[in-house]
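Take the points in order and look up each pair as you go.

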Amino acid sequence: MTEEWFSEKLESLKIKDNRLSTLSEIRTRLNVTPNLEVRIINRLLSSPEIYDCLEEERTGSDKAKCRENGGETQPLDLVSDILSICMANLTLRQNDFPLLLQRALVHKRARIRALALKTILKELQNQIILSDKNVTSAEDLLSDELLRHVLKALQDVETEVGNPALSILLMVLENHLHKPWIKESLIVALNQDGIVKCRIYELAVGLAKRSPITLEKVAFIVDHALAELDNDDILMQVNILEILVSLAEQNHGLLYLEKRQVYDVICNRVESEHNPLDRLLVPGIMKFFGKTARVQPQKVITGYPYMIRCLFECLHRGDISNLPTVFDTLANLAYTQQGVSLLESNYKTALKEIFEDYHSYLRSLSSDLKIRAFNSLEAIFTFEQAVCSEVSSILHTWFSYLGGHSDNMEFLSDYCRNPFPDIKISSLNFIRALCRFTWGVEALKNTAGLLEFLLDRKTEFDKEAKYAKYCVIELLADSNAFDVETNLQLRNYVNEGPYYVQNLLDIAVEGN
């Protein structure tokens, strides 16, 4: 009976005046019918009648009905919902999967093409999860026929089509790169406009960063991207630098970029200042060099002094638009203990000014930039491994610059008591980073009223702030800096947990 009902409705769709009501009926029936039969799903997905509802321009009476029923796009909404419900029941492992998606993949409406691509992407992800295998096993699930459709979609100017295509190819293309037609298709795509080219570059870098072998296979695309760093399209260059960051983070990627003299080309371009617009590249370049410094601090910090001076100049100048990138870049330069040592030995005087600038910025910047500055400082003073005495001493010096050459955390007290939770939490997280050092604990101990504030549960109502305070107390409880009575208070606080609430009777007894 159900199959006959759907067949009748598909016939009804051939009459234009019936389309809106019939599409609505089909969608309603699909929503209330559990365990749809495969034959019904296949019939609806391969039916020209469904797709024909979107092929022709609507007449004046059709448009009037659309407006009465909720808007101009209702036929598209209805068809999209119907196709989406049906596609959700497909599996990559069925032989007719490509055939059932054929009409949607080549449809003139971007939304319909996107539906088919999202179905492929979701099914790939499901197969990986269900089989509990790695991405490589998923690569064999996509036929060459579907792969051709996805590669074509990668060149679509519509983001809703191109983005899922990119995600699919990042999952499956690696084992297909040896096929000549794949390379031919990608070469053709490199002649498209900027949006499409950036998508191709993102695909190539996403694959290339996995291994030297894969990088070699997509080198023709990476080289095409690198060649664009020497033209006049500033926006394209900013986008390319952003994409190349993840490749520079890998050792094999960094070696590749060095051989292509990418760092020298970029640095020379900024130094020459022939084109004033090149200054627009500086934030992107700083980010690129900063990310590289996380992996190879010596190469960046000692090899490109002009870029480091440019970074310090940007921070000292206080250009609000550049400060977020500057904060993040400085944190990347100091990401490793080697980076900290190299910065101190090569730029000692400049760093004194930089941390004094931080002190001023924490007072004057807007709330969101204050938080960004605190996050940067937390990163600078945080390390995954135990810190050697030399680096600890350097960080202690930097902290003294930050605190106005005092040996306490007085300048942080107000931020801990700030009524805005985000600022309070970011300052507490920075204090936690400092308290991993003996000198940091001593600085907190020397700050009048700060320990009492941290131990006072009645001053805090925000859940995240409570946890941030708890993390600081936990570090203090493990130190040997306090007397027995204070240490007992700290240990009790930790044992009670971050969200402990005193009952009213205890508070009344304490009051008496």
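1. One definition first: a residue counts as buried when its relative accessible area is under 20%, as exposed when it is over 50%, and as partly exposed in between. Please keep in mind that this is a predicted model.

2. Start with Lys-14 and Glu-11, whose side chains form a salt bridge with an N to O distance of 3.1 Å. Are these two residues buried, exposed or partly exposed? Glu-11 has a relative accessibility of 43%, so Glu-11 is partly exposed. Lys-14, at 49%, is partly exposed as well.

3. Next, find Arg-210 and Glu-174, which meet in a salt bridge at 2.9 Å, N to O. This pair links distant parts of the chain, 36 residues apart. Arg-210 lies in the loop between α13 and α14, and Glu-174 lies in the loop between α11 and α12. With a relative accessible area of 39%, Arg-210 is partly exposed.

4. Now which helices hold Lys-299 and Glu-258? The salt bridge between their side chains is 3.0 Å, N to O. Lys-299 belongs to helix α20 (residues 297–303) and Glu-258 to helix α17 (residues 251–259), so the pair links parts of the chain that are distant, 41 residues apart. Relative accessible area is 22% for Lys-299 and 29% for Glu-258, so Lys-299 counts as partly exposed and so does Glu-258.

5. Across the whole structure, the search finds 23 salt bridges.

Technical notes
Residues numbered from 1 in each chain as written. Predicted model: local features only at pLDDT ≥ 70, side-chain atom pairs only at ≥ 80, totals over all residues. Heavy atoms only, no water. Salt bridge = Lys/Arg side-chain N within 4 Å of Asp/Glu carboxyl O. Buried < 20%, exposed > 50% of the residue type's maximum accessible area, 1.4 Å probe, protein only. Helix = DSSP H or I, 4+ residues; strand = E, 2+ residues; numbered from the N terminus.
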